[in-house]
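Visitor: I am new to this structure and would like to ask a few things about it. Could we look at it together?

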Amino acid sequence: MKKYSVGIKYCGGCHSFYDRRKALSEIRASLEDICSFEPAAEGRLYDAVLVINGCPSQCADTSRLCSASGFASCSNLVTPQDICEKIKNMLNEKEDDSEA
């Protein structure tokens with residue numbers, strides 16, 4: 001089974017309100033059967049990009065990142081489970097569009 005590529009983009013971490021590594025660990029564990037994760041690189045097209053923001057200002061610069069399905073932004077305002085559902089929905093929509 002093909003795994004979806006997910007690029008990970010962190011903010012600078014200057015004012016983090018929660019444990020970003022723990023949140024990413026939970027997200028990875030939940031999606032490991034369908035997604036492969038790697039640091040997001042400019043110029044590479046990912047199936048989805050996960051943006052790990054430390055606070056509500058969501059300052060991570062994603063302007064040079066490319067995603068076929070969109071961006072999921074994790075912050076202290078959403079749970080890792082909510083982010084997993086968002087990523088799954090984005091990837092399902094991508095599949096539905098490619099089959100149409």
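Visitor: Is Lys-88 buried, partly exposed or exposed?
Guide: In this predicted model, Lys-88 is partly exposed, with a relative accessible area of 28%.

Visitor: Which residue does Lys-88 form a salt bridge with?
Guide: The partner of Lys-88 is Glu-85, and their closest N and O atoms are 3.7 Å apart. Glu-85 is partly exposed too, at a relative accessible area of 42%.

Visitor: Where do Lys-88 and Glu-85 lie?
Guide: Both belong to helix α2, residues 80–99. They are 3 residues apart, which means a separation of about one helical turn.

Visitor: How many salt bridges does the count come to?
Guide: The count comes to 3 salt bridges. One of them joins Asp-47 to Lys-2, with 3.5 Å between the closest N and O atoms. Asp-47 is in the loop between β3 (45–46) and β4, while Lys-2 is in the segment before β1 (4–10), so this pair ties together parts that are 45 residues apart in sequence.

Visitor: Asp-47 and Lys-2: buried or exposed?
Guide: Asp-47 counts as buried at 9% relative accessibility, whereas Lys-2 is exposed at 55%.

Visitor: And which residue does Glu-38 meet in a salt bridge?
Guide: The side chain of Glu-38 meets that of Arg-44, at 3.8 Å from N to O. Glu-38 is partly exposed at 28%, and Arg-44 is partly exposed at 34%.

Visitor: New topic: what is the phi of Gln-58?
Guide: Phi of Gln-58 is near 45°, a positive value in a residue other than glycine. Most residues other than glycine have a negative phi. Gln-58 is placed in the loop between β4 (48–52) and β5 (66–67), and is partly exposed at 39% relative accessible area.

How values were computed: Residues are numbered from 1 along each chain as its sequence is written. This is a predicted model: local features need pLDDT of at least 70, side-chain atom pairs count only at pLDDT 80 or more; totals for chains, interfaces and linings use all residues. Side-chain values use heavy atoms; hydrogens and water are left out. Helices (H or I, at least four residues) and strands (E, at least two) are DSSP runs, numbered from the N terminus. Buried means under 20% relative accessible area, exposed over 50%, partly exposed in between (1.4 Å probe, protein chains only). A salt bridge is a side-chain nitrogen of Lys or Arg within 4 Å of a carboxyl oxygen of Asp or Glu.
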